[in-house]
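This briefing goes through strands, salt bridges and surface charge, in short grouped points. Please keep the sequence and the structure at hand while reading.

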Amino acid sequence: MRQNASRPGPAAVTALVAGILALGALGVVVANQGLATDSPVADGDASGHYAQPEAQGNETAQAMRPAVRIENGTAPLKPANSGRTDPLPAPDPLRATESAPSPAVGPLFYTGQGAPGHGCSASVVHSPKGDLIVTAAHCVYQDGFRTDIAFVPGYHDGVAPYGVWVPSSMDVDPEWAADRDPDHDVAFLRVRRPGPDDRAIEQVTGAQRIRFGAPAGRRARVTGYPVTEERPVSCQNTTEAAGPTQLRFDCADMPNGTSGGPFLTDVDPATGLGTVIGVVGGRDEGGDEETSYSSYFGEDVESLYRRATSTG
(Lines give C-alpha, C1' and ligand atoms only; values in the text may rest on other atoms or scores of the structure.)
Protein backbone atom coordinates (compact mmCIF):
# COMPACT_ATOMS: atom_id res chain seq x y z
CA MET A 1 0.00 0.00 0.00
CA ARG A 2 2.96 2.32 0.54
CA GLN A 3 4.14 2.22 -3.05
CA ASN A 4 3.36 4.55 -5.90
CA ALA A 5 5.95 3.81 -8.57
CA SER A 6 4.23 5.90 -11.20
CA ARG A 7 4.23 9.41 -9.72
CA PRO A 8 5.54 11.75 -12.43
CA GLY A 9 7.92 13.92 -10.43
CA PRO A 10 7.64 17.01 -8.20
CA ALA A 11 5.19 18.78 -10.50
CA ALA A 12 2.74 15.93 -9.98
CA VAL A 13 1.59 17.24 -6.62
CA THR A 14 -0.79 19.57 -8.44
CA ALA A 15 -1.85 16.77 -10.74
CA LEU A 16 -2.56 14.47 -7.82
CA VAL A 17 -4.75 17.10 -6.20
CA ALA A 18 -6.50 17.74 -9.48
CA GLY A 19 -7.51 14.08 -9.55
CA ILE A 20 -8.31 11.49 -12.11
CA LEU A 21 -8.42 13.78 -15.16
CA ALA A 22 -4.88 15.01 -14.62
CA LEU A 23 -3.61 11.49 -14.04
CA GLY A 24 -5.36 10.35 -17.18
CA ALA A 25 -3.65 13.08 -19.16
CA LEU A 26 -0.31 11.67 -18.04
CA GLY A 27 -1.29 8.15 -19.03
CA VAL A 28 -0.86 6.87 -15.47
CA VAL A 29 -2.81 3.89 -14.19
CA VAL A 30 -2.17 3.28 -10.50
CA ALA A 31 -3.68 1.02 -7.86
CA ASN A 32 -2.92 1.42 -4.16
CA GLN A 33 -0.95 -1.79 -4.03
CA GLY A 34 0.14 -2.23 -7.63
CA LEU A 35 2.20 -0.86 -10.46
CA ALA A 36 0.68 0.57 -13.60
CA THR A 37 -0.15 -2.21 -16.01
CA ASP A 38 2.28 -1.02 -18.65
CA SER A 39 5.32 -0.92 -16.35
CA PRO A 40 8.50 -2.10 -18.15
CA VAL A 41 9.47 -5.44 -16.64
CA ALA A 42 11.75 -8.40 -17.35
CA ASP A 43 11.85 -11.98 -16.18
CA GLY A 44 14.53 -13.17 -13.82
CA ASP A 45 15.62 -16.72 -13.21
CA ALA A 46 13.85 -19.31 -11.06
CA SER A 47 15.78 -18.27 -7.96
CA GLY A 48 14.45 -14.69 -8.12
CA HIS A 49 17.63 -13.16 -9.53
CA TYR A 50 17.84 -10.68 -12.41
CA ALA A 51 21.07 -9.35 -13.93
CA GLN A 52 20.23 -6.05 -15.60
CA PRO A 53 22.02 -5.33 -18.90
CA GLU A 54 24.33 -2.34 -18.65
CA ALA A 55 22.69 -0.59 -21.60
CA GLN A 56 19.33 -0.79 -19.86
CA GLY A 57 20.67 0.89 -16.73
CA ASN A 58 22.45 3.53 -18.78
CA GLU A 59 19.19 4.37 -20.51
CA THR A 60 17.50 4.83 -17.13
CA ALA A 61 20.30 7.06 -15.90
CA GLN A 62 20.02 9.18 -19.05
CA ALA A 63 16.27 9.53 -18.53
CA MET A 64 16.95 10.90 -15.04
CA ARG A 65 19.12 13.77 -16.24
CA PRO A 66 16.31 16.27 -16.87
CA ALA A 67 14.53 15.23 -13.66
CA VAL A 68 17.25 15.91 -11.06
CA ARG A 69 20.34 18.05 -10.68
CA ILE A 70 23.17 15.55 -10.46
CA GLU A 71 26.12 16.62 -8.33
CA ASN A 72 28.10 13.36 -7.94
CA GLY A 73 29.51 14.42 -4.59
CA THR A 74 30.78 12.37 -1.68
CA ALA A 75 29.27 12.35 1.79
CA PRO A 76 31.37 14.32 4.29
CA LEU A 77 33.79 12.24 6.30
CA LYS A 78 32.25 11.24 9.59
CA PRO A 79 33.89 10.00 12.76
CA ALA A 80 34.19 6.29 13.35
CA ASN A 81 31.41 4.63 15.29
CA SER A 82 31.33 6.46 18.60
CA GLY A 83 30.02 3.49 20.55
CA ARG A 84 26.98 5.52 21.59
CA THR A 85 23.42 5.05 20.39
CA ASP A 86 20.60 7.54 20.05
CA PRO A 87 17.77 6.71 22.51
CA LEU A 88 15.29 7.39 19.66
CA PRO A 89 12.53 8.92 21.80
CA ALA A 90 9.01 8.62 20.38
CA PRO A 91 7.44 11.93 19.34
CA ASP A 92 4.28 13.29 20.93
CA PRO A 93 1.96 13.18 19.07
CA LEU A 94 3.11 9.95 17.41
CA ARG A 95 3.45 11.25 13.85
CA ALA A 96 6.21 11.24 11.27
CA THR A 97 7.74 14.60 10.47
CA GLU A 98 10.11 15.94 7.85
CA SER A 99 13.73 14.98 8.54
CA ALA A 100 17.12 15.88 7.17
CA PRO A 101 18.20 13.76 4.18
CA SER A 102 20.69 10.99 4.95
CA PRO A 103 23.40 10.11 2.42
CA ALA A 104 22.66 6.37 2.85
CA VAL A 105 18.87 6.64 2.31
CA GLY A 106 17.05 7.77 -0.81
CA PRO A 107 14.05 7.32 -3.06
CA LEU A 108 13.66 4.90 -5.92
CA PHE A 109 12.72 6.69 -9.12
CA TYR A 110 10.95 5.06 -12.07
CA THR A 111 11.45 6.34 -15.60
CA GLY A 112 9.41 4.04 -17.83
CA GLN A 113 6.05 5.83 -17.83
CA GLY A 114 6.72 9.41 -18.79
CA ALA A 115 8.43 11.96 -16.53
CA PRO A 116 10.55 10.25 -13.84
CA GLY A 117 9.01 10.19 -10.37
CA HIS A 118 9.88 8.55 -7.08
CA GLY A 119 7.55 5.94 -5.63
CA CYS A 120 9.51 3.93 -3.06
CA SER A 121 12.49 4.27 -0.72
CA ALA A 122 15.69 2.29 -0.12
CA SER A 123 18.90 2.39 1.89
CA VAL A 124 22.54 1.45 1.42
CA VAL A 125 23.59 -1.54 3.54
CA HIS A 126 27.07 -2.87 4.13
CA SER A 127 28.18 -5.70 1.85
CA PRO A 128 31.48 -7.28 0.82
CA LYS A 129 31.65 -5.27 -2.43
CA GLY A 130 30.03 -2.13 -1.04
CA ASP A 131 27.38 -1.95 -3.77
CA LEU A 132 24.16 -3.08 -2.07
CA ILE A 133 20.85 -1.41 -1.26
CA VAL A 134 17.77 -2.92 0.39
CA THR A 135 14.12 -2.13 -0.27
CA ALA A 136 10.75 -3.88 -0.41
CA ALA A 137 10.21 -6.56 -3.03
CA HIS A 138 6.94 -4.96 -4.13
CA CYS A 139 8.96 -1.89 -5.15
CA VAL A 140 10.98 -3.79 -7.73
CA TYR A 141 9.05 -6.93 -8.68
CA GLN A 142 5.43 -7.22 -9.80
CA ASP A 143 4.88 -9.78 -12.56
CA GLY A 144 8.56 -9.23 -13.38
CA PHE A 145 11.49 -7.04 -12.39
CA ARG A 146 11.16 -3.33 -13.06
CA THR A 147 13.79 -2.32 -15.61
CA ASP A 148 13.49 1.46 -15.15
CA ILE A 149 14.71 1.91 -11.55
CA ALA A 150 17.13 4.58 -10.35
CA PHE A 151 18.27 5.09 -6.75
CA VAL A 152 19.09 8.64 -5.62
CA PRO A 153 20.76 8.60 -2.18
CA GLY A 154 20.42 11.72 -0.08
CA TYR A 155 17.87 13.19 -2.49
CA HIS A 156 16.22 16.52 -1.68
CA ASP A 157 14.46 19.29 -3.58
CA GLY A 158 15.31 17.99 -7.03
CA VAL A 159 19.00 17.48 -6.20
CA ALA A 160 20.92 14.18 -6.47
CA PRO A 161 23.91 15.10 -4.26
CA TYR A 162 25.62 11.71 -4.58
CA GLY A 163 24.63 10.89 -8.12
CA VAL A 164 22.15 8.54 -9.73
CA TRP A 165 22.64 4.79 -9.32
CA VAL A 166 21.09 1.99 -11.34
CA PRO A 167 20.85 -1.75 -10.65
CA SER A 168 23.40 -4.20 -11.94
CA SER A 169 21.35 -7.01 -10.39
CA MET A 170 18.22 -7.52 -8.29
CA ASP A 171 17.23 -10.36 -5.99
CA VAL A 172 13.89 -11.31 -4.47
CA ASP A 173 12.79 -14.50 -2.78
CA PRO A 174 11.05 -16.92 -5.19
CA GLU A 175 8.19 -17.04 -2.66
CA TRP A 176 7.56 -13.38 -3.43
CA ALA A 177 7.87 -13.88 -7.18
CA ALA A 178 5.43 -16.79 -7.08
CA ASP A 179 2.54 -15.26 -5.16
CA ARG A 180 3.55 -12.01 -3.44
CA ASP A 181 4.00 -13.68 -0.08
CA PRO A 182 4.04 -10.80 2.46
CA ASP A 183 6.55 -12.68 4.61
CA HIS A 184 9.12 -12.24 1.79
CA ASP A 185 8.58 -8.60 0.82
CA VAL A 186 12.31 -7.76 0.75
CA ALA A 187 14.66 -7.11 -2.17
CA PHE A 188 18.39 -6.49 -2.48
CA LEU A 189 19.83 -4.54 -5.42
CA ARG A 190 23.46 -4.22 -6.37
CA VAL A 191 23.90 -0.79 -7.90
CA ARG A 192 26.44 1.14 -9.96
CA ARG A 193 26.85 4.74 -11.07
CA PRO A 194 27.15 5.05 -14.88
CA GLY A 195 30.19 6.99 -15.98
CA PRO A 196 33.92 7.05 -15.30
CA ASP A 197 33.70 6.97 -11.48
CA ASP A 198 33.75 3.29 -10.56
CA ARG A 199 33.65 3.71 -6.78
CA ALA A 200 31.14 1.54 -4.95
CA ILE A 201 28.19 3.36 -3.46
CA GLU A 202 29.30 2.57 0.08
CA GLN A 203 32.50 4.54 -0.55
CA VAL A 204 30.42 7.56 -1.57
CA THR A 205 27.51 7.56 0.90
CA GLY A 206 28.51 5.31 3.77
CA ALA A 207 26.27 2.37 4.69
CA GLN A 208 23.96 1.07 7.36
CA ARG A 209 24.78 -2.20 9.06
CA ILE A 210 22.29 -5.04 8.64
CA ARG A 211 21.12 -7.50 11.29
CA PHE A 212 19.19 -10.74 10.99
CA GLY A 213 17.20 -12.29 13.81
CA ALA A 214 16.80 -9.09 15.81
CA PRO A 215 14.12 -9.41 18.48
CA ALA A 216 11.02 -7.22 18.52
CA GLY A 217 10.66 -4.61 21.24
CA ARG A 218 13.60 -2.49 20.10
CA ARG A 219 13.59 1.27 19.61
CA ALA A 220 13.74 2.10 15.91
CA ARG A 221 13.66 4.97 13.45
CA VAL A 222 11.73 4.51 10.21
CA THR A 223 12.54 6.82 7.30
CA GLY A 224 11.14 7.15 3.81
CA TYR A 225 10.17 9.51 1.00
CA PRO A 226 6.46 10.29 0.51
CA VAL A 227 5.54 10.45 -3.16
CA THR A 228 4.33 14.04 -2.83
CA GLU A 229 7.41 15.34 -0.99
CA GLU A 230 10.98 16.20 -1.93
CA ARG A 231 12.46 15.41 1.49
CA PRO A 232 12.16 12.35 3.72
CA VAL A 233 9.98 11.89 6.78
CA SER A 234 11.01 9.94 9.87
CA CYS A 235 9.43 8.61 13.03
CA GLN A 236 10.71 6.84 16.13
CA ASN A 237 8.96 4.22 18.23
CA THR A 238 9.30 0.68 19.54
CA THR A 239 8.94 -2.25 17.15
CA GLU A 240 6.46 -4.99 18.03
CA ALA A 241 6.04 -8.54 16.80
CA ALA A 242 3.01 -9.03 14.55
CA GLY A 243 3.16 -12.81 14.63
CA PRO A 244 6.36 -14.76 13.99
CA THR A 245 7.03 -13.34 10.50
CA GLN A 246 6.23 -9.61 10.70
CA LEU A 247 7.39 -6.53 12.59
CA ARG A 248 4.95 -3.76 13.44
CA PHE A 249 5.76 -0.07 13.91
CA ASP A 250 3.01 2.33 14.97
CA CYS A 251 3.32 5.91 13.77
CA ALA A 252 0.98 8.08 11.73
CA ASP A 253 1.79 9.92 8.51
CA MET A 254 4.09 7.40 6.84
CA PRO A 255 2.31 7.61 3.47
CA ASN A 256 2.69 6.09 0.00
CA GLY A 257 6.29 6.23 -1.18
CA THR A 258 7.81 5.21 2.15
CA SER A 259 7.72 1.53 1.14
CA GLY A 260 11.22 0.10 1.30
CA GLY A 261 12.38 2.67 3.84
CA PRO A 262 14.59 1.21 6.60
CA PHE A 263 13.74 0.25 10.16
CA LEU A 264 16.92 1.48 11.88
CA THR A 265 18.11 0.55 15.35
CA ASP A 266 21.34 1.37 17.21
CA VAL A 267 21.64 4.72 15.44
CA ASP A 268 24.95 6.41 16.14
CA PRO A 269 24.24 10.10 16.87
CA ALA A 270 27.70 11.03 15.59
CA THR A 271 27.22 9.50 12.14
CA GLY A 272 23.45 9.12 11.75
CA LEU A 273 24.02 5.54 10.59
CA GLY A 274 22.34 2.57 12.22
CA THR A 275 21.42 -1.06 11.74
CA VAL A 276 18.66 -2.14 9.37
CA ILE A 277 16.34 -4.77 10.89
CA GLY A 278 13.47 -4.36 8.44
CA VAL A 279 12.02 -2.31 5.58
CA VAL A 280 8.53 -0.88 5.16
CA GLY A 281 6.64 -3.66 3.43
CA GLY A 282 5.28 -7.05 4.37
CA ARG A 283 1.68 -7.09 5.58
CA ASP A 284 -0.55 -5.02 3.28
CA GLU A 285 2.64 -4.06 1.42
CA GLY A 286 3.66 -1.77 4.25
CA GLY A 287 0.46 -1.11 6.16
CA ASP A 288 -1.41 2.18 6.24
CA GLU A 289 -0.84 5.72 7.44
CA GLU A 290 -1.14 4.66 11.09
CA THR A 291 0.95 1.47 11.17
CA SER A 292 3.97 0.24 9.21
CA TYR A 293 5.04 -3.37 8.82
CA SER A 294 8.15 -5.23 7.72
CA SER A 295 8.77 -8.84 6.78
CA TYR A 296 10.89 -10.26 9.59
CA PHE A 297 14.60 -10.33 8.81
CA GLY A 298 15.17 -13.95 9.71
CA GLU A 299 16.92 -16.87 8.04
CA ASP A 300 15.15 -16.43 4.70
CA VAL A 301 16.16 -12.78 4.35
CA GLU A 302 19.69 -13.63 5.45
CA SER A 303 19.88 -16.28 2.72
CA LEU A 304 18.61 -13.73 0.20
CA TYR A 305 21.32 -11.28 1.31
CA ARG A 306 24.01 -13.97 0.94
CA ARG A 307 22.77 -14.80 -2.56
CA ALA A 308 22.59 -11.17 -3.62
CA THR A 309 26.12 -10.43 -2.44
CA SER A 310 27.65 -13.54 -4.00
CA THR A 311 25.97 -13.50 -7.42
CA GLY A 312 27.44 -11.69 -10.37
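Is Asp148 buried or exposed? Asp148 is buried, because its relative accessible area is 2%, and buried means under 20%. The model is a predicted one. The points below begin with the salt bridges, then turn to the strands and the surface charge.

**Salt bridges**

- The structure holds 13 salt bridges.
- One of the 13 salt bridges joins the side chains of Asp148 and Arg146, with an N to O distance of 2.6 Å.
- Asp266 and Arg218 form another salt bridge, in which the closest N and O atoms are 2.8 Å apart.
- That pair links distant parts of the chain, the two residues being 48 residues apart. Asp266 lies in the loop between β18 (262–265) and β19 (275–279), while Arg218 lies in the loop between β13 and β14 (219–224).
- Asp266 counts as partly exposed, because its relative accessibility is 28%.
- Arg193, Asp197 and Arg199 belong to one network, joined by salt bridges that share partners.

- Strand β6 spans residues 117–125 and is mostly covered, with nine of its nine residues buried.
- On one pairing, β6 meets strand β5 (residues 105–110) in the antiparallel sense, over six bridges. Within this pairing, Gly106 stands opposite Ala122 of β6.
- β5 and β6 form a hairpin with six residues between them. Gly114 sits in the turn and has a positive phi of about 100 degrees.
- β6 also pairs with strand β7 (residues 132–135), in the antiparallel sense and over three bridges. Val125 has Leu132 in β7 as its bridge partner.
- β6 and β7 form a hairpin too, with six residues between them. In this turn, Gly130 has a positive phi of about 70 degrees.

**The open six-stranded sheet**

- Six strands make up an open sheet with mixed pairing, in the order β4-β15-β14-β18-β19-β13.
- The edges are β4 (97–98) and β13 (209–210). Each has a single partner strand, so one side of each is left without a neighbour in the sheet.
- The pairing of β4 with strand β15 (residues 233–238) is antiparallel and runs over two bridges. In this pairing, the bridge partner of Thr97 is Ser234 in β15.
- The loop that holds Asp266 runs between β18 and β19, two of the strands listed in the sheet order.

**Negative patch on the surface**

- Glu175, Asp179, Glu299 and Asp300 gather in a surface patch of negative charge.
- Two or more residues of the negative patch come from each of α4 (174–179) and α6 (299–310).
- Glu299 is found in helix α6. Glu299 is exposed because its relative accessible area is 68%, and exposed means over 50%.

Conventions
Residues numbered from 1 in each chain as written. Predicted model: local features only at pLDDT ≥ 70, side-chain atom pairs only at ≥ 80, totals over all residues. Heavy atoms only, no water. Buried < 20%, exposed > 50% of the residue type's maximum accessible area, 1.4 Å probe, protein only. Helix = DSSP H or I, 4+ residues; strand = E, 2+ residues; numbered from the N terminus. Pairing = 2+ DSSP bridges. Patch = residues over 30% accessible without salt bridge, like charges linked within 9 Å, V, L, I, M, F, W, Y side chains within 5 Å. Areas by Shrake-Rupley, 256 points an atom, 1.4 Å probe, with all protein chains shown as cover. Salt bridge = Lys/Arg side-chain N within 4 Å of Asp/Glu carboxyl O. Lys, Arg positive; Asp, Glu negative; His and termini not counted. Charge placed at Lys NZ, Arg CZ, Asp CG, Glu CD.
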